[in-house]
Amino acid sequence: MKIEELQKDIQAYAKTIGIDKIGFTTADIFTEMKERLRRQQELQYQSGFEKGSIEERTEPQRLLPESKSIISIAVAYPSRMEKTPRGTKGDRRGIFARASWGIDYHVALRERLDKLGEYIKKRVPDAVIKSMVDTGELSDRAVAERAGVGFSGKNTSIITKEYGSFVYLGEMLTNIPFIPDSPIEDGCGDCTICLDACPTGAIVQGGQLNAQRCIAFLTQTKDFLPEEFRTKIGNRLYGCDTCQQVCPWNRGKDSHFHKELEPEPELVKPRLKPMLHLSNREFKEKFGHMSGSWRGKKPIQRNVILALGHYKEVTAVEDLIAIMKNDPRPVIRGSAAWSLGKIGTDVAKEALSHALEKEDDEQVQYEMENALFAMTAN
Ligand code: B12
Ligand code: SF4
Ligand code: SF4
């Protein structure tokens, strides 16, 4: 069987199973990426969510010794909801980033890669394959870039000509020597819109991110959110889409091809106040199928509390006081203290003073003192 023919058949089959774009590249070492990862590590710009050593991340044969090529896949997701619920004073809402709309994309892409793998094995019985999506060692973006799926934008996202950057990526290592596609031309030119729009200056220079400053990362941490970022995360509960939303390549790009990736408006833009009281079980039942829930309830609830402070939501004061007094988690009590300080009513102030007398945790005490200080200063 001719490789060209097989490759064409794979492309055609991929379309039938909900893969929107596919590209092929060699299993050669990602030399430039190796340097980049070293630099990111030295500068402490990494998030800590990356898997594997630099060698494993850049040398495909360490992951599958027989590797000769890599198939990169992209699945497009929506950027707009049909009926966006609007938050109002007294009934504020938070937002999950688009990468958390619909079912967890790891599941959606894994299913497609499994089907693709079965198809290839039928055609080439001695094919050896290994697939990954997000949680594997390889940089899904570096693979997609080299396989010509999209170019690497200054916001660090892979941008496809057809669907913009609103695509999930995954790949399959194989022992089949597919003919590699060519990378596509860079499309950023002298544009710097995303760098200017990033709320925290996380894009250090075109194509280089300090993940420690990126809101997408910060929404997923479990500890106290450093103070400088608290007003910047706004009502984001998980992830951040700003540097993609402003990108000219995403203008008018809104792909509704896959039912399972459609957002449930009440879940991706949920009311904030009810989220304060969710039990672990309720959280899992409601949000467990979304990719944004992978870090559990705590970071999301912390962000809910900060969002209420951001909105200065007076109707949340009673709830926040109860949480500040009774929640067993210091991060949650301290964040509630910060938000009460922001809201700044007399009731909030009195509650902060009382709670401070009883608080044992030093960090929470610090938050309460700061909140009281800020209220007196205003
Ligand atoms: C860690 C991680 C994060 C971290 C760090 C992100 C980052 N930019 O590095 C945090 C938590 C911040 C994050 C956030 C997001 N993530 Co994320 N994340 C990952 C993960 C697990 C590893 C990424 C990684 O290794 N980064 C290290 C950097 C150095 O490499 P890289 O970005 O992978 O590769 C590019 C650069 O290295 C650059 N590069 C390499 N050498 C050189 C040299 C020069 C000179 C230059 C200029 C550039 C350059 O080119 C590469 C190709 O574009 C991948 C999944 C995976 N296994 O790859 C998903 C992944 C990158 N994330 C993804 C998504 C969707 C997001 C968010 C949009 C989610 C959201 N809405 O909040 C945001 C976007 C934030 C942003 N601006 O990047 C998608 C990206 C899809 C796409 N179209 O690009 C991925 C691929 C997951 C997936 N399988 O779909 N993420
Ligand atoms: S995801 Fe948000 S915080 Fe991160 S680089 Fe993009 S705009 Fe900046
Ligand atoms: S906003 Fe401009 S610079 Fe940023 S990724 Fe898009 S085209 Fe490139």
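Helices (H or I, at least four residues) and strands (E, at least two) are DSSP runs that are numbered from the N terminus. The views below show a predicted model.

**View 1. Gln44 in the loop between helix 2 and helix 3.** The loop that holds Gln44 runs between helix 2 (31-42) and helix 3 (54-58). Although Gln44 is not a glycine, its phi is positive, at about 60°. Gln44 has a relative accessible area of 63% and is therefore exposed, since exposed residues are those over 50%.

View 2. With a relative accessibility of 38%, Asp134 counts as partly exposed.

View 3. Ser79 is placed in the loop between strand 2 (69-76) and strand 3 (95-96). Its relative accessible area is 7%, so Ser79 is buried, the cut-off for that class being under 20%. When neighbours within four places in sequence are left aside, the residues in contact with Ser79 are Arg98, Trp101, Phe166, Lys253 and Asp254.

**View 4. Thr88 in the loop between strand 2 and strand 3.** Thr88 belongs to the loop between strand 2 and strand 3. The residue is partly exposed, its relative accessible area being 42%. Thr88 and Gly164 are 76 residues apart along the chain, and 31 Å separates their C-alpha atoms.

View 5. Eleven aromatic pairs are found in a search of the whole structure. In one of them, the ring centres of Tyr77 and Phe166 are 5.8 Å apart and the ring planes stand at 65°, so this pair is edge-to-face. The pair joins distant parts of the chain, 89 residues apart: Tyr77 lies in the loop between strand 2 and strand 3, and Phe166 in the loop between strand 6 (158-159) and strand 7 (167-174). Tyr77 is buried at a relative accessible area of 5%, and Phe166 is buried at 3%. The rings of Tyr105 and Tyr168 have centres 4.3 Å apart and planes at 5°, so the pair is stacked. This pair, too, links distant parts of the chain, with Tyr105 in helix 5 (residues 105-123) and Tyr168 in strand 7, 63 residues apart. Tyr105 counts as buried at 12% relative accessibility, and Tyr168 is buried with a relative accessible area of 4%. Tyr77, Tyr105, Phe166 and Tyr168 make up one aromatic cluster.

View 6. Around ligand 2 are the residues Cys198, Pro199, Thr200, Ile203, Leu209, Cys214, Ile215, Cys240, Thr242 and Cys243. By class, this shell contains eight nonpolar residues, two polar residues and no charged residues.

View 7. The shell of ligand 3 is formed by Lys154, Asn155, Ile159, Cys188, Cys191, Ile193, Cys194, Cys247, Pro248 and Trp249. Eight residues of the shell around ligand 3 are nonpolar, one is polar and one is charged.

**View 8. The second largest pocket.** The space in the second largest pocket amounts to about 250 Å³. Its lining has 13 residues, and those nearest the centre of the pocket are Lys325, Ala351, His354, Ala355 and Lys358. At least two lining residues come from each of helix 15 (317-326) and helix 17 (346-358). Helix 17 contributes the most to the lining, with six residues. In terms of class, the lining comprises six nonpolar, one polar and six charged residues.

**View 9. Ser353 in helix 17.** Ser353 is situated in helix 17. Its relative accessibility is 31%, and Ser353 counts as partly exposed. Between the C-alpha atoms of Ser353 and Ala371 there are 9.8 Å, and these two residues are 18 residues apart along the chain.

Definitions and conventions. Residues are numbered from 1 along each chain as its sequence is written. Chains are lettered from A and ligands numbered from 1 in the order in which they are written. This is a predicted model: local features need pLDDT of at least 70, side-chain atom pairs count only at pLDDT 80 or more; totals for chains, interfaces and linings use all residues. Side-chain values use heavy atoms; hydrogens and water are left out. Buried means under 20% relative accessible area, exposed over 50%, partly exposed in between (1.4 Å probe, protein chains only). Contact means heavy atoms within 4.5 Å. A residue is near a molecule or strand if one of its heavy atoms lies within 4 Å of it. Ala, Val, Leu, Ile, Met, Phe, Trp, Tyr, Cys and Pro count as nonpolar, Asp, Glu, Lys and Arg as charged, and the others, Gly among them, as polar. On a 1 Å grid over the protein atoms alone, a cavity is a set of points where a 1.4 Å probe fits but cannot get out, and a pocket is an open set with protein on both sides within 12 Å along at least five of seven lines; lining residues have an atom within 4 Å of a point. Grid points are joined across faces, edges and corners, and a volume is the space filled by probe spheres set on the points. Rings of Phe, Tyr and Trp (its six-membered ring) pair if their centres lie within 6.5 Å; planes under 30 degrees apart count as stacked, over 60 as edge-to-face and the rest as tilted.
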